[in-house]
Amino acid sequence: MADSDRVRYHTSRETVPEEHRHHYDAIAESRGGVRGPFSVLLNSPELAGRVGHLGAYVRFESELPDPDRELTILATARTFDCAFEWAAHEPIAREAGVSGATIDHVADSGPVDELPKREACLVSYVRELIDEHAVSDATFEAARDRYGESGVTELTGTIGYYAMLACVLNALEVVPDANRPQLP
């Protein structure tokens, strides 16, 4: 991944001002390196550090089951047409146990009524929140029944977090490598 025409990519600690390298270090430690949204967020090191801290919780410590979190991320990426986010999380979703059929269905923006109930609930929640800027009572109740108040709050926060990353990735034109999974 090379610098875009819009902003510099920070993939080396030395490109970050010395007084802000602790942000680079924290991001690299929690994720095994700096890439994707964090490589461009480091143009504002304080923002990158705060986003990285939140993201470490959402991605690695959330109470949402891994397959549910990853399906939520893919549905958010698809809704935003975020190629990088999709490419990064599609293999993770497969490893977490999201079926290939479900992944393909989300990639094709297929109707939720063709998905299993749990998956339909998650995809509906994402699509309604992003597309309609609200969640219907029926969809909310289904999510709250499944995850409880704490879990539905984390589900909502996960969507918001990955929506923010999609905005960063899309606006700053961060694209995945050609050999990564691509959105149709």
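This report walks through the fold of one predicted chain and then visits a few of its residues.

## Ground rules

Because the model is predicted, local features need pLDDT of at least 70 and side-chain atom pairs count only at pLDDT 80 or more, while totals for chains, interfaces and linings use all residues. Residues are numbered from 1 along each chain as its sequence is written, and side-chain values use heavy atoms, with hydrogens and water left out.

## The overall fold

Let's start with the whole chain. Its secondary structure comes to eight helices and zero strands; helices (H or I, at least four residues) and strands (E, at least two) are DSSP runs, numbered from the N terminus. Followed along the sequence, the pattern is α-α-α-α-α-α-α-α. The radius of gyration is 17 Å, close to the 16 Å that the globule rule gives for 184 residues, so the chain is as compact as a globular protein of that length. Here the radius is taken over C-alpha atoms, and the rule is 2.2 Å times the number of residues to the power 0.38. Along its principal axes, the C-alpha trace spans about 50 × 35 × 30 Å.

How much of the chain is buried? Buried residues make up 47% of the 184 residues, where buried means under 20% relative accessible area, exposed over 50%, and partly exposed in between (1.4 Å probe, protein chains only).

## Surface and charge

The accessible surface comes to about 9100 Å², and carbon and sulfur atoms account for 50% of it. These areas come from the Shrake-Rupley method with a 1.4 Å probe; for residues, only the protein chains shown count as cover.

The chain carries 17 positive and 32 negative side chains, and the centres of the two sets lie 3 Å apart. Lys and Arg count as positive and Asp and Glu as negative, with His and the chain ends not counted. Each charge is placed at NZ of Lys, CZ of Arg, CG of Asp or CD of Glu.

## Helix 3 and V51

Helix 3 has 16 residues (45-60), and at 1.5 Å a residue it should span 22 Å; its end C-alpha atoms are 21 Å apart, which agrees. The expected span is 1.5 Å times one less than the number of residues. The buried residues of helix 3 are P45, A48, G49, V51, G52, G55, A56 and V58. Which helices do they pack against? Their partners are helix 1 (21-31), helix 2 (36-41), helix 4 (66-79) and helix 8 (137-171).

Leaving aside neighbours within four places in sequence, V51 is in contact with F38, L41, Y161, M164 and L165. One of these, L41, is ten residues from V51 along the chain, and their C-alpha atoms are separated by 8.5 Å.

In helix 6 (100-107), the buried residues are T102, I103, H105, V106 and A107. The buried residues of this helix pack against helix 4, helix 5 and helix 7. Just after helix 6, S109 takes a positive phi of about 55°, although S109 is a residue other than glycine. S109 lies in the loop between helix 6 and helix 7 and, at 44% relative accessibility, counts as partly exposed.

Helix 7 (residues 117-132) holds S124. Is S124 buried or exposed? At 14% relative accessibility, S124 counts as buried. Beyond its neighbours within four places in sequence, S124 is in contact with V112 and T139.

D81 is in the loop between helix 4 and helix 5 (83-96) and counts as partly exposed at 47% relative accessibility. Setting aside neighbours within four places in sequence, D81 is in contact with N170 and L183. The C-alpha atoms of D81 and L155, 74 residues apart along the chain, are separated by 20 Å.

Finally, E14 is found in the segment before helix 1. At 55% relative accessibility, E14 counts as exposed. E14 and M164 are 150 residues apart in sequence and 26 Å apart in space, C-alpha to C-alpha.

Key
Contact means heavy atoms within 4.5 Å.
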